[in-house]
Protein chains: 2
Amino acid sequence: MKVIIVGGVAGGASCAARLRRLDERIEILMVERGPYVSYANCGLPYHVGGTIAEEANLLVATEQMFRVLFKVDCRINCEVIGINSKAKTVELKNHVSGEVTTESYDKLVLSPGSAPIRPPLPGIDLPGIFSVRTVPDARHIREWLDRDIDRTGSTSFTGVDTISKPKNAVVIGGGFIGLEMVENLKERGLDVTLVEKLNQVMPPLDTEMARLVERYLRKHGVKVELSDGVAGFQKGKMGGLEVLTDSGKVYPADVVIMAIGVKPELSLAKMAGIEIGQLGGMRIDDQMKTSDPDIFALGDACEVKNFVTGQWALIPLAGPANRQGRIVADVIAGRASRFRGTQGTSICKLFDAAIAQTGVSEKQLIALGDKDYEKIYLYPNSHAGYYPGAKTLPVKLIFRKSNGLVLGAQVMGEDGVPKRIDSFAMAIQMGCTIYDLEESELCYAPPYGTGKDPVNFAGMIAADVLRGDMPLVHWDSLGDSFLLDVRSPQEVEVESVPGAVNIPLPQLRSRLAELPRDREIALFCRSAQRSYYATRILLQNGFKAKNISGSMLSRSHRAD
Amino acid sequence: MKVIIVGGVAGGASCAARLRRLDERIEILMVERGPYVSYANCGLPYHVGGTIAEEANLLVATEQMFRVLFKVDCRINCEVIGINSKAKTVELKNHVSGEVTTESYDKLVLSPGSAPIRPPLPGIDLPGIFSVRTVPDARHIREWLDRDIDRTGSTSFTGVDTISKPKNAVVIGGGFIGLEMVENLKERGLDVTLVEKLNQVMPPLDTEMARLVERYLRKHGVKVELSDGVAGFQKGKMGGLEVLTDSGKVYPADVVIMAIGVKPELSLAKMAGIEIGQLGGMRIDDQMKTSDPDIFALGDACEVKNFVTGQWALIPLAGPANRQGRIVADVIAGRASRFRGTQGTSICKLFDAAIAQTGVSEKQLIALGDKDYEKIYLYPNSHAGYYPGAKTLPVKLIFRKSNGLVLGAQVMGEDGVPKRIDSFAMAIQMGCTIYDLEESELCYAPPYGTGKDPVNFAGMIAADVLRGDMPLVHWDSLGDSFLLDVRSPQEVEVESVPGAVNIPLPQLRSRLAELPRDREIALFCRSAQRSYYATRILLQNGFKAKNISGSMLSRSHRAD
């Protein structure tokens, strides 16, 4: 049996190593077009920023290691230039020697990954415009940032040096790579402008949660320009470039990072004549088999099933790619392993914060026409408030209205995000309901949590909603409700809501006569905790009361 | 309906607040023997250490708040001195006025908590010996530590001042409170000796995992004295105390912290004549009802079911107490809520590290005579090794041999512990198997994890064991196996294992002839990763090979 694995980075390398562990006798040939196998793709932005100082640190495993430890015939700088799926052969070109050879296979594994989207815009090939995909990409950006720019010819009268290092960066695209590059360029001291075509950063998040990320970016001095696409590039007056946008704006840029997303590399799929899905990724079954039973595919270039929605998705993440690599190896070795699909768990560091999500977003549900859901917002402390370093931890939880099944969660903040998103991720994997979250027993000590962990707290609030104990309403669907603010007069003085009547919670029981019995009353406080107590008082006194989820803390970032 | 809640700290306070939210009309009387309701018990050690600077920060809610927000008749400094469960009355004594009153109830809720164990040892009442249970306890320790000690009469010739602050502390007991006090006394600059009667610190951990904690304590300059109980106390020559131990040792101590555990407060239970379980806690059903159908109990003073083992347990932790308080309120308000039991999730900060566990330990299984389990040790990086700050994260995972069900996990380290223990906790709650862990999709970015998270990695190793791909053996059960060390000669030079033959992994395939075919071969490397590869090679070549779980990293801390 001879297996050829095309692509030796994340999933391909996992597949090769696992396959050898399962079977000493299989002949394994792994070819990688680039100069490195198994490099730390996810570390590239941090190498540009200098957090990861040495390029060598990014090289997780070497060609040599695959040869010696795994008895894998590993060839770098080697590209597949043809696939004959009938004859079961591939044509390989060695980019160093120029030699072209033909190799036969019994099973072929395609792990080509995805390529940064690089639209044919005017000026796109000007020097100083980079993608962030490979080790050489990161090296070129570092070299570019270390370079002196000749500012002669500048018409500026601000006393700028005629020779200076890059000062302005424009990052195009506000997804994972874009945000990581924003942070790392700021770390290097550049002025950074983020240009994003959508009306939000971080596309997997719902828009209102992305507002918190935007605010955080601005707090860190990043210029955020939303709803504006890039139209082209031209040489600037200061020795750098200028980025032109659809709306006619011009941003000076000594360096430009293109991070508008990735698309599956399909050249191999086309050579092999295998089926492509509607999202433009290779179509596979749950054993990672393509439409050709002897060809497997894995990683960014595949469409995978989101097991929460049942829909096909493109999920260009390392975790699923590694799992898929393992499964392909299992199946080739004759085992019954199956890929259970993905749930889109992801996290992104941004300065001192982490932004994370798992499961489905509300906008995915809306796109599917799925209305059987409810959502809550909460803003608990990341750990006991009396222990130093506690931070507000905004959480959005989405769950089935009909049965309480947890569907998705979005969490961000400067403390305790990984702990919570992984609890939610495990919950979703195991088909957990909000009633289970209510009863979860998560670790608690003052530096790490609260007696009721934010995950419990989310479950309790959601359960209060589904049990009918706390009818819920959101800022964007208030209708003509009577607005009742139960905060203290001091808080109202700082920020008030037009049209809202203020009755502080401690006075509520004695001032019920001031409230209308014929209208729905929408209550709020700062975080929806006191207004929850107030809602309970009103409901038990016969009023039609609803609590505004997240209250003032949700108001400031509601979707526009 | 009138409900009396006795004890207003964690669970009692939760119960009162929830009950009011559920029912505006119930008359609620909450009595608390001490001067504070709802104080931050778990924060006390950090107040002693100064991390929590102000005592006021420990007071989470006040008597006033319960009166005004929750319409609860809240009485502090008020003790129950009699219960007539036939007449359904309690006798209350106000410790300020001295007044004694009788109150009737429809439902009585007992939340008395537990008391520090304080054995009647010689000298136990000498000044300078403290427990850590209440706000006044913490205040008294702080005052004691701020005090000058008269050293006159010292025979020391080391130039010690005749008047100086406390310098030596002895902490007796190495559980949660003991370790937290050790850390906080070190933070204040004291020399700390930890005396523990058992042969390990942190009793919920298995002994070999506790060895890592001991090593960490010593690394931080703490003297750790195991397997030695305290025999008594006497005045010392230096103006302080001396702690005498069973083995005849004498430790000077300017301050002594007694932290040898807590026991349920049973005086109320005895007054009420309700059933006490074999562990010495109040016996309750899954609705938190005692043997008297009108009396509920919750918190530290109850025995609860460990739902993993099905056994009764005493779990004096805040999280379960809060959940129980909620459930008692639900049941009194006529709802069908049930307590699902506990799984013993806990975490403890120790200097820069966290020590955590969930589910059952191996020693609990041994005590139950349960042999249907397997255990693995692993030492993955807390996050991507190429991103700064990655630390080794020792993990012990215990699972059912027959079906892969996750039974328990113990995790410690300086980075990423809460993320992993909560994943395991959620997994155990939801009846997850190791095969589910293998496929979990947890958050990954270089600062937070690895493409294969330690939780996945644990699942993969466990699955390799149960699928028969990697027969496992432990250092303490090697028998007369042939010991094969597959590390590099450089590593062997630093630390070798007597009797082991060294064949570095890269040479293994070509040196198979050197290995015995008639004996079991036990393989190891540093972390059991390379020896796993080697085990696979040997198995496929017909050898009887087993991998030593955790390899060299497990060897240094195996149970003695």
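1. Buried residues of α1(A). In this predicted model, the buried residues of α1(A) are A:G11, A:G12, A:A13, A:S14, A:C15, A:A16, A:A17, A:R18, A:L19, A:R20 and A:R21. That is eleven of the twelve residues of α1(A), so the helix is largely enclosed by the rest of the structure.

2. Geometry of α1(A). The helix covers residues 11–22 of chain A. From first C-alpha to last, α1 reaches 16 Å. This is close to the 16 Å expected at 1.5 Å a residue.

3. Cover over α1(A). Chain A contributes β1 (2–6), β2 (27–31), α3, β7 (107–110) and α8 to what covers the buried residues. Chain B takes part too: the cover includes its α14 (530–540).

4. The contact between chains. Chain A puts in 64 residues and chain B 65 residues. On the side of chain A that touches chain B, at least two residues each come from α3 (63–70), α8 (318–332), β23 (346–350), β24 (353–359), α10 (417–429) and α14 (530–540). α10(A) gives the most, with nine residues. By class, the residues on this side of chain A are 36 nonpolar, 14 polar and 14 charged.

Conventions
Residues are numbered from 1 along each chain as its sequence is written. Chains are lettered from A and ligands numbered from 1 in the order in which they are written. This is a predicted model: local features need pLDDT of at least 70, side-chain atom pairs count only at pLDDT 80 or more; totals for chains, interfaces and linings use all residues. Two residues are in contact if their C-beta atoms, placed from the backbone, lie within 7 Å. Helices (H or I, at least four residues) and strands (E, at least two) are DSSP runs, numbered from the N terminus. Ala, Val, Leu, Ile, Met, Phe, Trp, Tyr, Cys and Pro count as nonpolar, Asp, Glu, Lys and Arg as charged, and the others, Gly among them, as polar. The expected span of a helix is 1.5 Å times one less than its number of residues. A residue is buried if 20 or more other C-beta atoms lie within 10 Å of its own, exposed if 12 or fewer, and partly exposed in between; C-beta atoms are placed from the backbone.
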